[in-house]
Amino acid sequence: MTMTNNAQRRRLATIVGSVLLLLISAVHVLRNTANHSDGSSATIHTREEQQQELLRHGRRLQEEPEQQQQQQQAPQEDRPPIYTYYHRVEGTGMTEQSDDALLSEWKRSWYNAGWEPKVLTLEDARQHPNYQTMMDLITDPALLGDYELMCYLRWVAMSAPHINGGWMADYDTFPLNPFLRHGRQLPENGALVVYGQNVPALVSGRASEYFRLAQRIGESFQRHVAAAKQQPPPPPPQNLESQEEIPKNSDNH
């Protein structure tokens, strides 16, 4: 069975304490011998005093790991915020319980990495003063679906004044490598940066950059919907049986 860190520390404290007790006893013997040889007086600690000193030292050893852990964890005001956006939708393959468990693990991992994890919701997007304008860009939300609509609104939420941009990560994206120093100052002078090739699982940028992207997405959606409505209906599928057979001696391969 693997011992926990606290158990290992307590065992180490016991071993170190035993060694210190031997050292303290040896020092006292040497002092006593030296004092007797030159005729000077010496203060000899009793066994009870030695045990009390050892207990005090053992308590200090047990308190040190806790103090070190508190020092390693940044104070609340020094933690840069990291946001994720979550709104429960059906059809993702995740149950509500698994979503909650994943969100809890996401918050724990980012907190242990020195960040202040915060979960944004639809309510945060609605607090944006231009929320209705951004929703008007999505002329037919049914074409997007609930999941895609929430993916769009996360950009709106990140640009809301009470959030004011920053770092955003998907709630299944964890900080495996430390990069805390970047959290206190946005890279590229706050320009929108997507740390991935195809999926914006980790993004940084100032609020205006998030809002600019949200506008671009809404305008692109409008253009595609308008173009789709102007196109004629696609032709019916061709009857495969009526196709001419390609000659076997054709140069086409």
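Reader: Is Arg-154 buried or exposed?
Author: In this predicted model, Arg-154 counts as buried, because its relative accessibility is 12% and buried means under 20%.

Reader: Where is the place of Arg-154?
Author: Arg-154 lies in helix H6.

Reader: And what does Arg-154 touch?
Author: Leaving aside residues up to four places away in sequence, Arg-154 touches Tyr-85, Met-168, Asp-170 and Pro-200. With Asp-170 there is also a polar contact of 3.0 Å between the side chains.

Reader: Staying with H6, how do the axes of H6 and H7 cross?
Author: Helix H6 (residues 146-158) and helix H7 (residues 207-230) have axes that come within 7 Å and cross at roughly 150 degrees. H6 is therefore roughly antiparallel to H7, since angles over 145 degrees count as such. The crossing is left-handed.

Reader: Which residues make that contact?
Author: H6 contributes Tyr-152, Trp-155, Val-156 and Met-158, while H7 contributes Ala-207, Tyr-210, Leu-213, Ala-214, Ile-217 and Gly-218.

Reader: How many of those are nonpolar, polar or charged?
Author: In the contact of H6 with H7, nine residues are nonpolar, one is polar and none is charged.

Reader: Changing topic, what is the phi of Glu-188?
Author: Glu-188 has a positive phi of about 55 degrees, although the residue is not a glycine. Glu-188 sits in the loop between strand S3 (166-169) and strand S4 (193-194).

Reader: What about the phi of Asn-189?
Author: The phi of Asn-189 is also positive, near 55 degrees, in a residue other than glycine. Asn-189 is in the loop between S3 and S4.

Reader: Are Glu-188 and Asn-189 buried or exposed?
Author: Glu-188 is exposed, with a relative accessible area of 59%. Asn-189 is exposed, with a relative accessible area of 74%.

Technical notes. Residues numbered from 1 in each chain as written. Predicted model: local features only at pLDDT ≥ 70, side-chain atom pairs only at ≥ 80, totals over all residues. Heavy atoms only, no water. Axes fitted to C-alpha atoms, helices over the stretch in contact; angles between N-to-C directions. Helix = DSSP H or I, 4+ residues; strand = E, 2+ residues; numbered from the N terminus. Parallel < 35°, antiparallel > 145°, perpendicular 65-115°, else oblique. Left-handed = near helix turned anticlockwise from the far one by under 90°. Contact = heavy atoms within 4.5 Å. Nonpolar A, V, L, I, M, F, W, Y, C, P; charged D, E, K, R; others polar. Buried < 20%, exposed > 50% of the residue type's maximum accessible area, 1.4 Å probe, protein only. Polar contact = N/O pair within 3.5 Å; in protein donor to acceptor, adjacent residues only side chain to side chain.
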